[in-house]
Amino acid sequence: ITSGYAVIKITKMGAGEPENTEPVSRGLTAASICSTVFIAAYCVYSVFTSDNGILAAVLTAAAASSVLNPESGSLSLSKDMNCDGVHSAKIKDPANMVFIDKSAFVTDGKPVVTGFLDGSGKSFSKCYEIPYPLGTILAKAIAENTSALLNRGKIYGADPLECAEAEYISERFKSTLDLEIKSENINGTDKDFGYKKLYKDFPDKLIPKCSYYYDAAGTAKPFSDGVAITAMADEIIFQGSSVIAYAAEDFDGNYIFIGLLTVHEKLRKDSAAMFRAMTSKGTRAILLTGEAELTSVSMPVKAVTGAGINEVISFEKLAEMNEDDARRMLPAIKVITGSVNKELLLALAKGGKYTVGITALTRDDTEASAEADVIYASSLSCRAAKNNADVILSDGLTSLAKYNTYSRKIKGAAIGYTAYHTALMLLTAAAVFFGINTAALTTVLTGAGCIFFGRPRHSEK
C-alpha cells in the first residue's frame with residue numbers, strides 16, 4: 001500500500017515541488033526494502049512448512065527481483081526521480097515532437113555583443129569606440145527597442161539577448177556620462193534633426209527599406225551599399241553569430257540605416273550528441289534558431305542538427321501554407337528560422353495529434369506555450385516561464401534528453417509496478433476469502449507477475 005501511494009504521488013507530482021521528490025523517493029525505497037525482507041522471510045518459512053516449499057523459494061525470490069528490477073522495480077523509480085539537471089518536474093507522457101529554442105538550450109544562454117558594423121562597412125568592437133553622435137544614435141535605438149532596464153550599472157531583464165545589448169551600450173554611458181544624450185540628432189522631436197521612430201529587425205527585413213544611412217557624424221547620406229551589407233550579415237550568421245539591424249524613420253517617412261550588432265553565444269559541448277540521441281529514440285526535435293532566413297543554416301546549427309536544405313524552413317513560409325500542408329511538412333523539418341509565433345506553431349503541431357513539447361524563456365513564451373503538452377524552462381528562463389513550466393532544466397538539451405528518457409521509463413515502470421502489486425493484493429485477498437491454499441496461489445501469481453511485469457515496460461519508439 002505504501003509503495004502504491006508513493007508511485008501515485010510521483011506520477012501526480014507538480015512543478016514547483018522539488019522538495020517533495022526526495023521524501024517520496026526515500027519512502028518508496030524503504031517500502032521496497034521492507035517488501036523484499038518480507039518476501040525473503042516468507043521464502044524461508046515456505047521452505048520448511050509448505051509441501052511446495054522449493055517452488056515457493058524460487059518464485060518468491062523472483063518476486064524480490066521484481067522489486068529490484070532495473071527496468072520496473074521501485075528502487076529504480078526512486079533513483080530515477082533524482083535526474084541530474086532536472087530541478088522540478090511533472091512526470092508526464094514524454095513528448096514525441098519537441099520545439100527547442102537555440103538560446104539557453106543548445107547554447108549556454110549567455111549572449112555577448114562582439115561588435116558593430118556601420119553603413120559604410122566599418123566595424124567597431126566596443127561601443128565607446130563608435131564616433132559621436134553615431135554611437136549615441138545606436139544606444140538610443142537599442143534603448144527604445146528593449147524591455148531590459150539599466151539602473152546604476154546593473155542590468156535587469158528576462159531576455160538574455162536584450163541584456164547583452166544593454167551591457168554593450170552601458171559602456172558608452174560609463175565613458176561619456178550625460179554629454180551625448182542631449183544631442184539634437186537623437187532627441188526625437190526636432191523635424192530637422194530628429195526621427196519619428198527607431199526600428200530593430202533582421203537585416204534581410206530592415207536593410208531593403210533603407211534609402212539613407214548615418215555616417216560617423218550623424219549625417220544622413222544616400223545608402224547604396226545595402227546589398228553588400230546584407231551579404232556581410234549573411235556571412236556573419238553563417239559563421240555562427242546572430243545579427244541585429246537598427247534603423248531610424250525620419251518625419252518624411254525615409255528609413256535611415258544605423259548599423260548592425262553582432263552577437264555570439266557558445267554552443268554547449270554535448271548539444272549535437274543529445275540532439276541525435278533524442279531523434280534516435282523516436283522524438284522529433286525541431287530547433288528554433290531565431291536567425292534570419294538563409295539559403296542554408298549556420299555552421300553551428302548544422303553541426304548540432306545535421307539538417308539538410310530540405311529540412312530547414314522559415315516560420316514565415318510555414319505560416320503561409322495551408323494547415324494540412326504545414327502539418328504534413330513538420331515531421332520532416334529539423335530547423336525553423338526567423339521569428340516564431342509559438343502559439344500558431346503549437347496549433348499546427350497538435351493538429352497532427354502529436355504529444356508536443358516546447359521550450360520557454362520569456363514571459364511572451366509563457367503565454368504562447370500554454371497549450372503545449374509539456375513545457376520546458378531553462379534555469380536561465382524568466383520567473384514566469386519557470387512557474388508555468390512542467391520541467392525546469394539546468395543543462396539545456398542534455399537535461400531535456402535525460403528527462404524524456406526518464407519520464408518514459410518512470411511512467412512505464414509505475415504502471416507495471418502498481419498493476420502487479422494491486423493484482424497480487426486482490427487475488428491474495430480472494431484466496432483468503434474463498435479458503436484456497438494461499439501460499440500456493442501467491443507463489444504462482446508472483447512468478448507469473450515477475451515474468452510479465454519484470455520485463456522492460458517502455459518502448460523506444
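**From one residue to the whole chain**

Author: T355 is partly exposed, with a relative accessible area of 25%. Buried means under 20%, exposed over 50%, and partly exposed in between (1.4 Å probe, protein chains only). This is a predicted model; local features need pLDDT of at least 70, side-chain atom pairs need 80 or more, and totals for chains, interfaces and linings use all residues. Numbering runs from 1 along each chain as its sequence is written, and side-chain values use heavy atoms, without hydrogens or water.

Reader: Where does T355 lie?

Author: In the loop between α13 (342-351) and β15 (356-360). Helices (H or I, at least four residues) and strands (E, at least two) are DSSP runs, numbered from the N terminus.

Reader: And what does T355 touch?

Author: Leaving out residues up to four places away in sequence, T355 touches D93, P94, A95, N96, M97 and D373. Contact means heavy atoms within 4.5 Å. Take P94: 261 residues separate it from T355 in sequence, yet the C-alpha atoms are 7.4 Å apart.

Reader: D93 is on that list. Where is D93?

Author: In the loop between β1 (86-89) and β2 (97-101). D93 is partly exposed, at 48% relative accessibility. D93 also pairs up across the sequence with N404: 311 residues apart there, 8.6 Å from C-alpha to C-alpha.

Reader: New topic. Why is α5 described as largely enclosed?

Author: Because eight of the ten residues of α5 (residues 134-143) are buried, the rest of the structure largely encloses this helix. Among those buried are L134, G135, T136 and I137.

Reader: What about A104's phi?

Author: Phi of A104 is near 75 degrees, a positive value in a residue other than glycine. A104 sits in the loop between β2 and β3 (112-117). A104 is buried, at 0% relative accessibility.

Reader: And S170, buried or exposed?

Author: Buried, at 5% relative accessible area. S170 is in helix α6. Its C-alpha is 9.2 Å from that of Y128, which is 42 residues away in sequence.

Reader: What is the volume of the largest pocket?

Author: About 1,200 Å³. A pocket is an open set of points on a 1 Å grid over the protein atoms alone, where a 1.4 Å probe fits, with protein on both sides within 12 Å along at least five of seven lines; lining residues have an atom within 4 Å of a point. The volume is the space filled by probe spheres on the points, which are joined across faces, edges and corners.

Reader: Which residues are closest to its centre?

Author: Of the 41 lining residues, D159, L161, T289, G290 and S339 are closest. Elements giving two or more residues to the lining include α6 (160-176) and β10 (242-249). The most comes from α14, with four residues.
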